[in-house]
Amino acid sequence: MNIDTQSVDQAVTAMAEVLADYLNPEEVRLLKSQWQRYSTVSVKMMQQCVLDATRRYPELQAYKSDIRKGFWATLQADSQQTVEANNHNGYNSHNSHNETVKAPIPVSELVLAFYTVIEALRSQLSETESRNLFLTMHQTVSQERTFKGHSLNISQFLEGNRPSVPDNEHLLNNLMQLAYVCLCDVAGPVEADEMMFRAAEKAKQNYPKTLVEKLF
């Protein structure tokens with residue numbers, strides 16, 4: 001779900017495919033037309049689309065979590081295809097597909113901002129909520145194709161440590177979106193939005209606003 005690799009049209013089409021399992025074609029078409037107004041793809045756009053769908057069709061409330069996860073999975077798969085196509089055509093020479101990328105020393109400001117956001121989220125959660133969040137993230141990261149070839153041990157956050165993460169804007173953006181999706185399941189979408197906002201504001205106290213916004 002990175003603005004550089006995902007267009008609004010791609011995102012809307014992918015999310016419409018998910019809703020096709022729950023709504024009739026005309027209902028999906030109406031929502032798709034409504035979502036075309038967004039100018040960029042972002043986690044807030046995805047969350048708003050979930051709210052749009054469940055408010056217009058209350059019967060979807062029972063499936064909100066599944067729909068949110070479906071949006072995430074579909075967008076990730078589509079974004080990964082774009083990245084792989086760019087790699088195949090030689091547009092992305094920063095990493096090879098099978099290369100293991102480790103955080104550089106010294107750690108970049110972008111990676112430090114990522115750590116600050118994640119730690120700010122952890123500070124707002126109870127011990128049980130924190131464990132649920134990071135264990136779910138850890139399990140998902142190990143299964144997602146997007147993160148294949150990268151050494152990521154998200155569970156280290158539970159111990160107060162900072163696991164090595166790639167100094168790669170696209171992957172850090174995807175990790176942050178994954179954190180948000182998992183946070184929605186742990187704390188609920190409204191509280192998740194507020195926690196993410198507070199965490200971002202915390203990071204902006206130490207790092208440039210434009211740099212922190214790259215994570216979201």
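This is a predicted model: local features need pLDDT of at least 70, side-chain atom pairs count only at pLDDT 80 or more; totals for chains, interfaces and linings use all residues.

1. The crossing of H1 past H3 is right-handed.

2. As to the side of H1 that takes part, Val8, Ala11, Val12, Met15 and Leu19 meet Met45, Met46, Cys49 and Ala53 of H3. By class, this contact of H1 with H3 consists of nine nonpolar residues, with no polar and no charged ones.

3. H3 also packs with helix H2, residues 25-35, and here the axes come within 11 Å and cross at roughly 140 degrees. H2 and H3 are therefore oblique to each other, and H2, too, passes H3 in a right-handed crossing.

4. The residues that H2 brings to H3 are Leu30, Leu31, Gln34 and Trp35, which meet Cys49, Asp52, Ala53 and Arg56. The contact of H2 with H3 divides into five nonpolar residues, one polar and two charged. When you look at H3, note that Cys49 and Ala53 are listed in its contact with H1 and again in its contact with H2.

5. Elsewhere in the chain, helix H5, residues 109-123, packs with H8 at an angle of about 135 degrees, the two axes being 8 Å apart. H5 and H8 are therefore oblique to each other, and their crossing is right-handed.

6. In that contact, Ala113, Thr116, Val117, Ala120 and Leu121 of H5 meet Met195, Met196, Ala199, Lys202 and Ala203 of H8. Eight of these residues are nonpolar, one is polar and one is charged.

7. Which helices each supply at least two residues of the lining of the second largest pocket? They are H3 and helix H8, the latter spanning 189-204, and H8 gives the most, with six residues. The pocket itself has a volume of about 290 Å³.

8. The lining of this second largest pocket is made up of Val43, Lys44, Tyr180, Asp193, Met196, Phe197, Ala200, Glu201, Lys204, Glu213 and Phe216. By class it holds six nonpolar and five charged residues, and no polar ones.

Key:
Residues are numbered from 1 along each chain as its sequence is written. Side-chain values use heavy atoms; hydrogens and water are left out. A crossing is left-handed if the near helix is turned anticlockwise from the far one by less than a right angle, and right-handed if clockwise. Helices (H or I, at least four residues) and strands (E, at least two) are DSSP runs, numbered from the N terminus. Contact means heavy atoms within 4.5 Å. Ala, Val, Leu, Ile, Met, Phe, Trp, Tyr, Cys and Pro count as nonpolar, Asp, Glu, Lys and Arg as charged, and the others, Gly among them, as polar. On a 1 Å grid over the protein atoms alone, a cavity is a set of points where a 1.4 Å probe fits but cannot get out, and a pocket is an open set with protein on both sides within 12 Å along at least five of seven lines; lining residues have an atom within 4 Å of a point. Grid points are joined across faces, edges and corners, and a volume is the space filled by probe spheres set on the points. Axes are lines fitted to C-alpha atoms, for helices over the stretch in contact, and angles run from 0 to 180 degrees between N-to-C directions. Angles under 35 degrees count as roughly parallel, over 145 as roughly antiparallel, 65 to 115 as roughly perpendicular and the rest as oblique.
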